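This report describes selected features of one protein chain. Please consult the sequence and the structure shown below while reading.

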Amino acid sequence: MAAHRRPRQHPFRSHTARTAAIVALAGAATATGFDGTGQAEPRPTPTQVRTRVDTLYREAETATQKYDGAKEKADAGERRLNSLRDEAARKTQKLNSARNALGSIAAAQYRSGDIAPAWQLALSSAPDRYLDAAALAERVGDRQSAAVSQVRRQLQDIERLRGAARVELKSLRSHQAELRRQKKTVSGKLAEARRLLAELAPSQRGRVTGMTGTDDTAAGRASRAADDTRQALEAGAVAAPDSRAAAAVAYAFAKLGSPYVWGATGPHAFDCSGLVQAAYRSAGVSLPRTTYAQIDAGHRVSRSELRPGDLVFFYSGVSHVGLYIGDGRMIHAPNPSAPVRVAPIDQMPFAGATRVV
């Protein structure tokens, strides 16, 4: 029996083997960590950054147009609400004067010991309910009846105005909530774009933003604006056929180098639709605030029919606009990384054009 027993392993050799196996497994795991999923992601290339930043800017501009539209509606709603409140206040003042007049007549009748139900209106704390319950027109003379009818109409007008104001206030709050949502969207996308650009070296950042060899100081913007103007003038690009279109183009030229600021309509900063709105406002032409509305502000023209002063729109969502100046070029406010500048219209996907004068 003893001859068939397995020999006992030496304790030292067994421990050494286990230790070696553990070390080998740990090494394999470490190698996997460095060569596999645990490895840090490589930094994006300038080309990848440019693609992502361009996408973020387009998405931010789409949200900017929605913000501009919501702001336009909110501003108009606030004006209507204030107008309703002012009118209600004026009518309330007239109502109080009418009630005071009725009160004077009621006081005279009280002193004579003959207070008619009609004049109890002036003493009531709830005249509208009293009027609903009393048939005053049958108890007083024609003059008093007319005065009571006037009070009744004023009460009805005031209640109508208050109802309209409540509806307007609800609409205003909805537009303000939309403003906050779009502002958050724009701010988030622009912040991500700034973060991506900040990770690049200055020379790489210049290539991504199209600012190679230049700076974004006021002097740099002024220099680029002068170059843009000179090139456009050499191309004979500013000969607009209409005096108002010419004035709008001249305004846009004067704003070359101005910074892009989302939601801005001038006079020192602009977003894309704010620039063309301000340009035509200077020429006495009122345009809507957003690209979506501006494209329908005049009559459509084809790309082959473009004349200086026409509005040119880009992307399938019509989220960007520029002012055509001739020779296949436009003045536009591109994005936060570039000031108002001259650019070819084939730089972006063309979506349509509108002539507003």
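How many bridges join strand E2 to strand E6, and in which direction do the two strands run?

## The sheet

The model discussed here is predicted. In it, strand E2 (residues 311-314) and strand E6 (residues 350-355) run antiparallel and are joined by 4 bridges. Within this pairing, Val312 stands opposite Ala353 of E6.

These two strands belong to an open sheet of 6 strands, ordered E1-E6-E2-E3-E4-E5, with antiparallel pairing. Strand E1 (299-301) and strand E5 (341-344) form the edges, each pairing on one side only. From one strand to the next, the twist averages 40 degrees. In general, strands of a sheet pair through backbone hydrogen bonds.

## Helices on the sheet

Helix H7 (residues 243-254) packs on the sheet, where it touches strand E3 (320-326) and strand E4 (329-332). The direction of H7 makes about 110 degrees with that of E3. Helix H8 (residues 272-281) lies across E2, E3 and E4 and runs at about 45 degrees to E3.

## Aromatic rings

The model contains 3 aromatic pairs. One of them is formed by Tyr67 and Trp262, edge-to-face, with 4.8 Å centre to centre and 75 degrees between the planes. Tyr67 lies in helix H2 (residues 46-111) and Trp262 in the loop between H7 and H8, so this pair links parts of the chain 195 residues apart. Tyr67 counts as buried because its relative accessibility is 15%, under the 20% limit.

Tyr251 and Phe270 also form an edge-to-face pair, at 6.4 Å centre to centre. Tyr251 lies in helix H7 and Phe270 in the loop between H7 and H8, so the pair ties together parts 19 residues apart in sequence. Phe270 is buried, at 0% relative accessibility.

Notes: Residues are numbered from 1 along each chain as its sequence is written. This is a predicted model: local features need pLDDT of at least 70, side-chain atom pairs count only at pLDDT 80 or more; totals for chains, interfaces and linings use all residues. Side-chain values use heavy atoms; hydrogens and water are left out. Two strands pair if DSSP finds at least two bridges between them. Axes are lines fitted to C-alpha atoms, for helices over the stretch in contact, and angles run from 0 to 180 degrees between N-to-C directions. Contact means heavy atoms within 4.5 Å. Rings of Phe, Tyr and Trp (its six-membered ring) pair if their centres lie within 6.5 Å; planes under 30 degrees apart count as stacked, over 60 as edge-to-face and the rest as tilted. Buried means under 20% relative accessible area, exposed over 50%, partly exposed in between (1.4 Å probe, protein chains only).
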